[in-house]
Amino acid sequence: MPTLTTAKPQPLNFPLTAVVGQEAIKLALLLAAVDAQLGGVAIAGRRGTAKSVMARGIHSLLPPIEIIKDSFCNCDPTRPEEWDDLIRERYQNSENIPTEIVPAPFVQIPLGVTEDRLLGSVDVEESVKQGQPVFQPGLLAKAHRGVLYIDEINLLDDQIANQLLTVLSEGRNQIEREGISFQHPCRPILIATYNPEEGQLRQHLLDRIAILLSADGVLNLDQRLQAVDEVIKYANSPEQFIGQYREETDDLKTQIILAREWLKEVNITTEQITYLVEEAIRGGVEGHRAELFAVRVAKAAAALEGRNVISPEDLRKAVELAIVPRSTTIDLPPEEQQQPPPPPPPEPPQDESEPDQDEQEDEEDKDEPEQEPPGIPEEFVFDAEGVILDPSVLYFAQMAQRQGKSGARSTIFSDDRGRYVKPMLPRGKVRRIAVDATLRAAAPYQKARRLRHPARKVIVEQGDLRSKRLARKAGALIVFVVDASGSMALNRMQSAKGAVLRLLTEAYENRDQVALIPFRGDRADVLLPPTRSIALARGRLERLPCGGGSPLAHGLTQAVHVGTNAKMSGDIGQVVIVAITDGRGNIPLARSLGETIPEGEKPDVKAELLEIAGKIRALGMQLLVIDTESKFVSTGFAKEIAKQAGGKYYHLPKATDKAIAAMTKGAISDLR
């Protein structure tokens, strides 16, 4: 017989039903409440769009849960296959399992959370007492069967975010560290929110979350007035305000409970799955997660309506919530193709003595049994070219597409500088000791060690030492390699100069550095070494040599040397080489380096350039080639160099500084 525990008073959250607008988000949260394994909901939006309010509002609708008494991870007594190791050892062969009823947990992950706090670690105090490693649960254990809320997920540490989503995908947290081997279930409802203005979210993370939505919809005047009025009423008297929505809230609570039971009976046909797969293909969706998430969304939508048969409307909801945000084509069809449908033919006059045809059909329908609705929608959301057919879905798709196009800055790990992210087994001399992890490693052995050394309270041996793994954000180095030979040299150099100054204005915030290497005559020289100083750049860029041959091979070689040295300094994570050239290199590398070329031997400059491009690719550097060749008959060699380096190629005979800067930033974003 389960016992009802005396829980802390529940917070007076703003009711979900009182939120004005945001119907798609409210529906997504209800679907996630019905199916905890749906895959989570990510909500993007600017400040003041009720993201956090809705996340807490759905928690207030969750029913209490029955757990095994004293279970730290809220183990379900009816699902022994999900029990943690401790509960399984205690009650595996027991018939009388004590249980209790508790509110569904709500756990928020703070931005500065450590790996130990998130996943769990050694309980030092208990380990010292018992003389063996004792597991201390983390936040993921407490969130099982409740809500796991991550505010500003885009600012969460990359490694922490990856570990978190891995555990949620598997539904289980396996800890193997510091003498601990332990596992526990972890199936919470994931709700993540973020403001794109404060930093984008990596596409890798967005792809792992089922439903992606934007809260930046525009409310009309009446809706904004209503929203202000609701907030004022709530601020004046939260209890009274919540009471006004109690009936609607109770109805939703009952609906969620019933939907969870209906969900067990909902089936989806092969034809319906085929429809979802075809929509994903039409939308140009990569991978298969979209279809898998869409299947769960459709089943949850049917269960929420109290049905065990999936309707066409359920499939359409699944496409809009799980497939449309992942589509790569979101343009409307051309206006000239959107012809209005032809008018219906005129109805023939009817004889009053004859019964109306509709009445005859109605009478016939009475004799026939009612047919089930069609299993799939009559129309696709996407057309054959991947264009969204329904204009009402377009804004929703565009807002979702704006999120997550660039990832986080690259991270440099070291043992001397940066933020402490996790402990590690030391390799060689320990430069910075991770005191917390060292004590956890030593804790289980204190009893035995004190028998040997009674005078000492805490005994730490060499094998207990753990070192700190430190991480810091790294910027990018952008190396401009500019052809300063020929008649187009002046235009190229002016565009490159403008691009350098444009990028330097953002360099301080992003930790980026810029370098400039013009090549002319027989060699290339580093005119502007890696810097973030605008003043230094202005002074150096005033001297722009032009004319002579085109030693492209030496220019690219110099760029590789500059990039390699910058990465060795430890402050640069990525190197982007921007080559502004027509690809017509005509000076061999040996001549640029002052080496003697044997008489009668003609160096293969093209082969040299392709070899250098291959080295750029092997070193993990990004090559962006901006082809300024304007002749009618193009050699196409600049494009071949970019292909060999695995980089990007643009043909811009009149490249402006603005265009070059934009393309360079795009190349950097693709690396992150």
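A residue is called buried when its relative accessible area is under 20%, exposed when that area is over 50%, and partly exposed in between, with a 1.4 Å probe and protein chains only. The model shown is predicted, so that local features need pLDDT of at least 70 and side-chain atom pairs count only at pLDDT 80 or more, while totals for chains, interfaces and linings use all residues. Residues are numbered from 1 along each chain as its sequence is written, and side-chain values use heavy atoms, with hydrogens and water left out.

**View 1. The protein chain as a whole.** Helices (H or I, at least four residues) and strands (E, at least two) are DSSP runs numbered from the N terminus, and the protein chain holds 26 helices and 22 strands. Of its 672 residues, 47% count as buried.

**View 2. An open parallel sheet of 5 strands.** The strands follow the order E5-E8-E11-E2-E12, with parallel pairing; two strands are said to pair if DSSP finds at least two bridges between them. Strand E5 (106-108) and strand E12 (211-214) stand at the edges with a single partner strand each, so one side of each lacks a neighbour in the sheet. From one strand to the next, the twist averages 20 degrees.

**View 3. Strands E2 and E12 with helix H1.** Strand E2 (residues 41-44) runs parallel to E12 and is joined to it by 4 bridges, and Ala-42 has Leu-212 of E12 as its bridge partner. Helix H1 (residues 23-34) packs on the sheet, where it touches E2, strand E11 (189-194) and E12, and its direction makes about 155 degrees with that of E12. Axes are lines fitted to C-alpha atoms, for helices over the stretch in contact, and angles run from 0 to 180 degrees between N-to-C directions; contact means heavy atoms within 4.5 Å.

View 4. Among the buried residues of H7 are Ile-160, Leu-164, Val-167 and Leu-168. At the N-terminal end, Asp-157 caps H7 through a side-chain oxygen that lies 3.1 Å from the backbone nitrogen of Gln-159, whereas just after H7, Gly-171 takes a positive phi of about 75 degrees.

**View 5. The surroundings of Asp-116.** Asp-116 lies in helix H4 (residues 115-119) and is buried, with a relative accessible area of 11%. Apart from neighbours within four places in sequence, Asp-116 is in contact with Ser-121, Arg-177, Asp-436 and Arg-440.

Methods: Polar contact = N/O pair within 3.5 Å; in protein donor to acceptor, adjacent residues only side chain to side chain.
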